[in-house]
Amino acid sequence: MNMIAETREHLVVIGNGMAGMRTVEELLKLGGAAQYRITVFGAEPHVNYNRIMLSSVLAGDKTMDDIVINTRDWYTENGIELVTGDAVAAIDREARIVTSVNGVSVHYDKLLIATGSRPLAPPIPGLGLPGVCAFRDIADVDKMLDAARTQKRAVVIGGGLLGLEAAWGLKQRGMSVALVHLMPTLMERQLDAPAAQLLQRDLDRRGIAFFTEGQTEEITGIERVEGVQLADGRFIPADLVVLAIGIRPNIDLAKACGLEVNRGIVVTDDMRTSDPDIFSVGECVEHRGSVFGLVAPIWDQAKVCAARMAGDATALFAAQALSTMLKITGVDVFSAGALTAADEADDEITLRDDNRGMYKKVVLRDGKLVGAVLYGNVGDGQWYLQLMRDKTDLTDLRDRLVFGRAFAEAGSGSTEPDIAAMPDDTQICGCNGISKGSIVCAIKEKGLATLSEVRAHTKASASCGQCTGLVESLLAHATGVTAEKRLPAICDCTRAGHDEVRQAILARNLKTMDAVRAAFGWTKLEGCHKCRPALNYYLLCAWPGEYADDSRSRFVNERVHANIQKDGTYSVVPRMWGGVTTPAELHAIASVAEKFSIPSVKVTGGQRIDLLGVKKEDLPAVWADLGKAGLVSGHAYAKGLRTVKTCVGSEWCRFGTQDSTGLGIKLEKMCWGSWTPHKVKFAVSGCPRNCAEATIKDMGVVCVEAGYDILVGGNGGIDVRVTDPLTRAATEEDVMEYAGAFMQLYREEAHYFERTAPWIARVGIDHVKKRLVSDDEGRRALCARFLYSQRFAQADPWAERAGGSDAHEFARLPEMV
Amino acid sequence: MGDFTWKKIGLIAEIPLRGARRLCFGHEGSPIAVFRTGADTFFALIDECPHRAGPLSEGIVAGETVTCPLHNWVIDLRSGEAASPDEGRARSLPVRIEAGELYVGLPIRETA
């Protein structure tokens, strides 16, 4: 019991929602705990949670726990008394007392009304039937989730933000969903007709059935809901009906105690109601004729309200331009301000690409942005919003504005970006955070003349390379010399490119690195770290069984057959054919991890187990132990075949059409150990559901009833590239032949360090098809060359090293006495 | 030229041509690597790249340079200097060969 006399004023908050609690948080930040003791009444039996995220809970993207804002502990720690599950029934302004439904009466000095809003419920017959609910609170979400578990058909009434999110969530939960909307287009308050049509098309493709211009006449049913009857005669059967046609401010309490109300509780700029000791924030208020449903202005209200409570006599609330986004995974919508031109003086500029599902519109008034609607690509939304709020004069940017920030700020409208006009602080290289100014400065100060010099000195375009063109333009602009377009040389030791070197190796019978370097007049006798691994690979590929691999020309990972980590330890990944393992193998892996105190054991994306943090000197002993269980190198470090990922296929899966696991193992057994220009990953999926993600692999096989679809040139990573279809094979044997031929074509034609995706992007899928599909004889010859070279490649490097070869790689040199 | 403690580390054949070995002992807490070039010249460096302390002994040796395996800095084996435009230096230690056996010299700390 607190024995010190309470001198603080009592602040009572009606409503434990987002607006009320944000105000309390803001007040605490301002030191309000010294000024007020705080009591909060909440009608719901929960702590304070993020109502906006209910749709994510419904869709299964988040759990209830994820959306809790303040735990009970938070209330306790901050000395706040929380009364949950008990709504306030009356306010006595004379006596300054609020009374709850359960009869709790408390006196207040200051009162905050944050009662939020209620779902709009027009007088539709049948609203009271079991199976009808709103989409407003946790109880509603529980009802919907319950229905999704036991029922099939849902009808959502209302095609605004909330209705669409409800529909999508229920769809995600496996219900068949129809959506009824009164207006001809969806989200008509936030989207213009073209954007709304794209949205409807995309959601229609995702399986939501739309009934636009549909006026609900009755919700039918006897004991529970059975369907929705529309005024035009259409009837939609339903087990669950969700009403999401809008909200109205919850003003009952305020009205009953005589506060000034209109649509909402009327507040002035200082968030006070008509009673100066009573504040109000959130969806229940009306400010200068506006009511609020989005969170951003409500956060502003909370801040102003808290400041006023803390004694700041200057804080004022002013509504800002607002933006809307829709929370449906993969559907990107942005809208702010005016949707269309108000009159002929306004400018509307639109950009539209129906096939890609992209739409942009900006609305300009007196040279300033007053509205933007984006669909498909919303990355520039916040930029547009800022331009609107800042009332930036856009007369000069008008022509480029609709193309987005990067183009508007960097480009002049021609195909070449206007380098000269670009401000110095424009970021050129996003990976390394390099601006135009620092690149130009480096070029001038250090006299840089080539792209590789600029890369070396500034790191610009040295990571993902997407800005290479811009950096070249900058270089040309700064030096006044246009870059010479020449095929890139292998490295700085030579002017020769990859293709001419590979051709010469065969045509001129060059069989050693020295011979190649002499033939092309290399400037450095022993080459460098760039050309040595490339030449070593080209010779190995050209002369299988003849050329002896030079381990000193390999990167450390391929020399020691493990992946170096940033702390100088290594990772070890044993091969698991097709991702299949056995208890004995798992025992062996577990024992090794314990015996050598390996700190981290992780499952990889390629269905293997990675042992991370192995000390270099332990590697041979680790491999020896793994080898006893039959485990061999997984080549997770190699420019070679890494993994063949598979699904369980027809052996177990009820959808499987072929034995995808078995085929994956066969492919892996055929291709392991080969050296390739860069790493290679395969996958085999047993049906078009494609659980093995075959469409982003170097080669993917998707089994269908009629055979095997072969896909090539896919890639995850920075630049995701979906495979190109190569052909459909009838039998497993055919697949094996295509795979062998594909591997060999890639080995013979790609540049060192070039994945299959950029290689195919460079030579074209038609070229690959010509060599592998149209030319039966050529395909068989490629496959034969691959299998021949495999005769020299398929020796387990771990077994060799566990047996003592290359021992000098793993042991340190001791001091001799 | 300061004084050195010379440590014998074995026959030159223990170190692969165009390669390197790390030693069991270090200097002032840092590891030491001994390099052998294609021309059979020997060098010793503190085995830490000036950039992020990557193990230089694991790099590709070409001429009298080694390339760090972590981020491809090129280090001069003789001076330990990073090739331009990178800046930094790995400390170099003297190496001596007597009767086919390698010695590396560790500086004796000056006592003031």
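**Exercise 1. Locate A:V373 and decide whether this residue is buried or exposed.**

Solution. The place of A:V373 is in strand β28 of chain A, where helices (H or I, at least four residues) and strands (E, at least two) are DSSP runs numbered from the N terminus. The model is predicted, so local features need pLDDT of at least 70 and side-chain atom pairs count only at pLDDT 80 or more, while totals for chains, interfaces and linings use all residues. Residues are numbered from 1 along each chain as its sequence is written, and chains are lettered from A and ligands numbered from 1 in the order in which they are written.

The next step is the neighbour count. A residue is buried if 20 or more other C-beta atoms lie within 10 Å of its own, exposed if 12 or fewer, and partly exposed in between, with C-beta atoms placed from the backbone. Because A:V373 has 29 C-beta neighbours inside 10 Å, A:V373 counts as buried.

Finally, consider the surroundings. Contact requires that the C-beta atoms of two residues, placed from the backbone, lie within 7 Å. Leaving aside residues up to four places away in sequence, A:V373 touches A:L191, A:D192, A:A195, A:S335, A:L339 and A:K361. A:K360 is 13 residues from A:V373 in sequence, and their C-alpha atoms are 5.8 Å apart.

**Exercise 2. Check the span of helix α6 of chain A, and find what covers its buried residues.**

Solution. The expected span of a helix is 1.5 Å times one less than its number of residues. For the 13 residues of α6(A), residues 193-205, this should give 18 Å, and the end C-alpha atoms are 18 Å apart, which agrees.

The buried residues of α6(A) are A:A195, A:A196, A:L198, A:L199, A:Q200 and A:L203. Their cover includes β14 (208-211), β25 (333-337), β27 (358-365) and β28 (368-375) of chain A. Just after α6(A), A:G207 takes a positive phi of about 100°.

**Exercise 3. Determine why the buried residues of α15 of chain A lie on the same side of the helix.**

Solution. In α15(A), residues 513-520, the buried residues are A:M513, A:V516 and A:R517. They cover an arc of only 95° around the axis, which puts them on the same side of α15(A); the arc is that of the directions from the helix axis to the C-beta atoms. The packing partners of these buried residues are α14 (498-507) and α16 (531-542) of chain A. Just after α15(A), A:G521 has a positive phi of about 65°.

**Exercise 4. Describe the pairing of β38 of chain A with β37(A) and β39(A).**

Solution. Strands of a sheet pair through backbone hydrogen bonds, either parallel or antiparallel. Two strands pair if DSSP finds at least two bridges between them.

On the β37 side, 6 bridges join β37(A), residues 699-704, to β38(A), and the two run antiparallel. The bridge partner of A:V704 is A:G707 in β38(A), and the two strands form a hairpin with 2 residues between them. β38(A) also pairs with β39(A), residues 724-729, in the antiparallel sense over 5 bridges, and A:Y708 has A:A729 in β39(A) as its bridge partner. As for burial, 5 of the 6 residues of β38(A), residues 707-712, are buried, so this strand is largely enclosed by the rest of the structure.

**Exercise 5. Give the strand order of the open sheet that contains β20 of chain A, and name its edge strands.**

Solution. This open sheet has 3 strands in the order β20-β22-β23 (chain A), and the pairing is mixed. The edge strands are β20 (265-267) and β23 (290-291) of chain A, each of which pairs on one side only. Between β20(A) and β22(A), residues 285-287, there are 3 bridges in the parallel sense, with A:I265 standing opposite A:V285 in β22(A).

**Exercise 6. Characterise the side of chain B that touches chain A.**

Solution. The contact involves 25 residues of chain B and 21 residues of chain A. On the chain B side, the elements that give two or more residues are β1 (4-11), β2 (19-27) and β5 (60-62) of chain B, and the largest share, 6 residues, comes from β2(B). That side divides into 12 nonpolar, 6 polar and 7 charged residues, where Ala, Val, Leu, Ile, Met, Phe, Trp, Tyr, Cys and Pro count as nonpolar, Asp, Glu, Lys and Arg as charged, and the others, Gly among them, as polar.
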